[in-house]
Amino acid sequence: MPARTHMGSPYMQFAKLRSGAKCNLATSGVMSYPLAELPVQIKELEINGPTIYGYAPLQERLARYNGVPAECVVAAAGTSMANHLAMAATFEPGDQVLIEFPTYELIVSTARYLGAEVRFFQRRFEGGFRVDAAEVERQMTPRTRLIILTNLHNPSGAFIDEATMKEVGDIAKGNGARVLVDEVYLESFYGQRPSSAFHLGDQFVVTSSLTKAFGLSGLRCGWVLASPELAERMWRINDLYGATPAHPAELLSVIALDHLDKVAARAQHLLEKNRRAMYSFLDSRNDLDFFRPERGTTVFPKLRSGDVEAFVRLLREKYETSVVPGSYFEMPQHFRVGIGGDPDVTREGLVRLGLALDEYATKG
Ligand SMILES: Cc1ncc(COP(=O)(O)O)c(C=O)c1O
């Protein structure tokens, strides 16, 4: 047996250990939703519960929320575990997996940890990070078992429309492969969420959670949508990782899903406010190029000239503000800015970003 070569995630180490700052613009999620604002009473919670393969009331809520039968839902500890289960169930070590580039680093690390030979297809900045189905097809080989996309795209926030998703689905189907679509940021459409790729055919496997768009990360309420036979395989694999979920989190997730409109209204308001501030900041700069997503929680500007790592260091050390260096997406001329934070902190962070850019431009 070959030794495992990928045993961790450089991005996750950055996010956990080096992204903290007075003005944190590095996180990709909406700020925490306070427990006090959920209509929950202590007597509604319990330590242990009747969870076997899922907790029936939560399975029922997730199925209804996604418009799918409950046997197509695998509850998972966040989109992270959902992605892990979806990959573990759809390819064998040594198989080829075709992943968008750039993408969320954990997707690549997890695929490699599971023994995939990873290939990439480009989503180009110059093309608005669009998915080009012809480019996907060019990178497919007879050994490709899985294509992986994020919709909305992390880091850029670009949306993949249904026609393009269908084209990718047809390419996969024609090669006996599947398509995994991480839709965690599609949740930021809230009441206008477009139909999930899951409904486009049984070659699609979809993952998501209440983490990013709703500020409910601590509940770890994630899920996979898959055909019943594949879902069954994932439940069995999950027994090897987290056989029994935290029941209080399942109960709180049921309550959150029952009041999701209220949670969504706060998040939507906050994102709209921050997006306006972000675009007026970006429009005021002539040292940045950027793609302008309509939705989502992040933007991914490009510094026209200079060294992003050095700029990010100055920004954090002198201006106490953090962003994610583009090197974590293997696009070192970019940096990612999150707009899901407290609006006052976001506004202040953007002021500091501007001051740091000005200082960097004069000192180099
Ligand atoms: C595309 C993508 N998928 C999954 C995750 C992790 O989500 P969760 O917190 O639900 O595990 C992230 C976090 O940044 C992400 O960007």
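**Reading a ligand pocket**

Tutor: Helix H3 gives the most to the shell around the ligand: four residues. (Helices are DSSP runs of H or I, at least four residues, numbered from the N terminus.) This is a predicted model, where local features need pLDDT of at least 70, side-chain atom pairs need 80 or more, and totals for chains, interfaces and linings use all residues. Residues are numbered from 1 along each chain as its sequence is written, and side-chain values use heavy atoms, without hydrogens and water.

Student: How many residues surround the ligand, and which are the closest?

Tutor: A residue counts if one of its heavy atoms lies within 4 Å. Here 15 residues surround the ligand. The closest are Thr79, Ser80, Asn154, Asp182 and Tyr185. H3 and H7 each supply at least two residues of this shell.

Student: Which atom of Thr79 lies 2.8 Å from an oxygen atom of the ligand?

Tutor: A backbone N or O atom of Thr79 does. Asp182 uses its side chain: a polar atom there lies 2.5 Å from a ligand nitrogen. In the side chain of Ser209, an N or O atom is 2.8 Å from a ligand oxygen.

Student: How do I find empty space?

Tutor: Roll a probe the size of a water molecule over the atoms, and it shows where empty space is left.

Student: Which space does the ligand take?

Tutor: The largest pocket. A pocket is an open set of points on a 1 Å grid over the protein atoms alone, where a 1.4 Å probe fits, with protein on both sides within 12 Å along at least five of seven lines.

Student: Which helix supplies the largest share of its lining?

Tutor: H3, with seven residues. The lining has 50 residues, and Met12, Ser80, Tyr104, Lys212 and Arg220 are the closest to the pocket's centre. (Lining residues have an atom within 4 Å of a point.)

Note on methods:
Polar contact = N/O pair within 3.5 Å; in protein donor to acceptor, adjacent residues only side chain to side chain. Sits in = over half its atoms within 2 Å of the grid points.
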